[in-house]
Amino acid sequence: MRRVVITGLGMVSPLACGVEASWERLLAGRSGAGPIHGFDTSDLACKIAMHVPRGDGSNATFNPDQWMDTKDQRKVDDYIIYAVAAATQALDDAGWKPRTHEEQIQTGVLIGSGVGGLGGISETAVILHEKGPRRVSPFFISGRLINLASGYVSIMHGLKGPNHAVSTACSTGTHAIGDAARLIALGDAEVMVAGGAESAINRIGIAGFAACRALSTNFNDRPKQASRPYDKDRDGFVMGDGAGCVVLEPYERARARGAKIYAEVVGYGMSGDAFHITAPEGSGDGALRAMQAAVKRAGITPQDVDYVNAHGTSTPLGDEIELTAVHKLFGNADPSGLSMSSTKSAIGHLLGAAGAVEAIFCTLAIRDQIVPPTLNLDHPSVETPIDLVPHKSRKREVEFALSNSFGFGGTNACLVLRAPQ
Amino acid sequence: MSDVAERVKKIVIEHLGVDADKVTDDANFIEDLGADSLDTVELVMAFEEEFGVEIPDDAAESIVTVGDAIRFLDKATAS
């Protein structure tokens, strides 16, 4: 199989529109949390979220007009606009603009979403109920389908290679990058734009995730303290919106065209819990097997891993189970050299975009030799020799970074990235 | 400009994302204003919503320019 490297990055996050601004603010310990705006929360248990900061585009705000025609914006839910923005940034960053037919058919796209156009489906259901089927927009379906994030990116950039999408809840972004890397490794494509996008901060999304008791509800008056992975007072995740995309290509090709190489995708592992629709299996067996598979594929030992970007959503059950799984991954070996943080403490849980955004943070941790912090980790609920990077980012050597994602339905995915060799 | 014409042009500008000066009476939705067939379906829906009328499919098919829409809606709202 061919070696696959990351040569372009793009991001829309609750901290900023853009990779570098998001990363700087993450390292500085800033949080994207605040009160929910845009819809009524008076009867919702959770009244906080991590919105994408909107504006005219200055100061790294997100201005949709910079990324998509206003005519097209009206036809789609926000996750598609975020995906287009992140994919466009990533292609620009990689310096890759396929122009010839040959270049176009070699370049594919694989962007997923956890829930797709939840907001538009909810609004259209009300229109159907109140005004009847003649008022349902001809763009209702095409603006809500999960694979239309890939569809729009493909059309706008002329990408005629594999046109694919994944939807594995909160593991989506990780599966998308892992699967796209496989397509390149096996020779199905030369370049892939891969990632995830989500816009689930709407009334039905918050109501639904609150109903299954996944969201934080104790910090409505202190939103920036609500996402607190591993802390004893954590009580659920904080929803975030956004998208992350990477450009992947074979190592030899990146070298030949003189592209900057951020990192190599050396490991990818997957597993299923076969346990419960929403709860993680208590022993951490599924998470452990996904990490073991990724580490094995990378051809390294667990002690070689310098940094883990945890799934760490700040739910009472999940954080400790993941930590247990990491301890089991190390077995009898000493895990004290490992740093493991949850950047969801700063950006919230981006569901289907989480794995993609977090893989980008791993890539930047490798580039800058620094690990981002776990905010609000005042009193860890468990004792561990692992450095959970409380409060402040920390300079350290990072050659291998591992990124975990676990989703509803018991779907687990793990990537291992390596500094360019 | 009549009230109907003004409201029609506003909808066209908003839905097709085009400049106001391009939205002339003889502008063809598909050939001049960049609409595709689904855009025209949505435009007709927007006209129905704005003017509280029903535009049957065969009538909708004959509305291909801005002027066609204005004339149809002038008549439909007058009766």
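Predicted model: local features only at pLDDT ≥ 70, side-chain atom pairs only at ≥ 80, totals over all residues.
**View 1. The interface of chain A and chain B brings 11 residues of chain A into contact with 17 residues of chain B.** The area buried between the two chains is about 1200 Å², and carbon and sulfur atoms give 43% of that area. On the side of chain A that touches chain B, the residues divide into six charged, three nonpolar and two polar.

**View 2. Arg74(A) and Glu42(B) meet through their side chains in a salt bridge.** The distance from N to O in this pair is 3.6 Å. Side chains of opposite charge can pair when their charged atoms come close. Across the interface of chain A and chain B there are also 10 residue pairs in polar contact, with both residues at pLDDT 80 or more.

**View 3. An open sheet of 10 strands, with mixed pairing, is formed in chain A.** The strands follow the order E5-E4-E6-E7-E1-E8-E14-E13-E9-E10, and the edge strands, which each pair on one side only, are E5 (163-164) and E10 (339-341) of chain A. Helix H6 of chain A, made of residues 148-157, lies across strands E4 (107-112) and E5 of chain A, and H6(A) runs at about 150° to E4(A).

**View 4. Strands E1 and E7 of chain A pair in the antiparallel sense.** Strand E1 covers residues 4-12 and strand E7 covers residues 242-250, and their pairing extends over eight bridges. Within this part of the sheet, Met11(A) stands opposite Gly244(A), which belongs to E7(A).

**View 5. Glu190(A) and Arg2(A) form a salt bridge between their side chains, at 2.9 Å from N to O.** Glu190(A) lies in the loop between helix H7 (172-185) and strand E6 (191-198) of chain A, whereas Arg2(A) lies in the segment before E1 of chain A, so the pair ties together parts that are 188 residues apart in sequence. Over all chains, the count of salt bridges comes to 34.

Notes: Residues numbered from 1 in each chain as written. Chains lettered and ligands numbered in written order. Heavy atoms only, no water. Contact = heavy atoms within 4.5 Å. Buried area = accessible area lost by both parts, 1.4 Å probe. Salt bridge = Lys/Arg side-chain N within 4 Å of Asp/Glu carboxyl O. Polar contact = N/O pair within 3.5 Å; in protein donor to acceptor, adjacent residues only side chain to side chain. Nonpolar A, V, L, I, M, F, W, Y, C, P; charged D, E, K, R; others polar. Pairing = 2+ DSSP bridges. Helix = DSSP H or I, 4+ residues; strand = E, 2+ residues; numbered from the N terminus. Axes fitted to C-alpha atoms, helices over the stretch in contact; angles between N-to-C directions.
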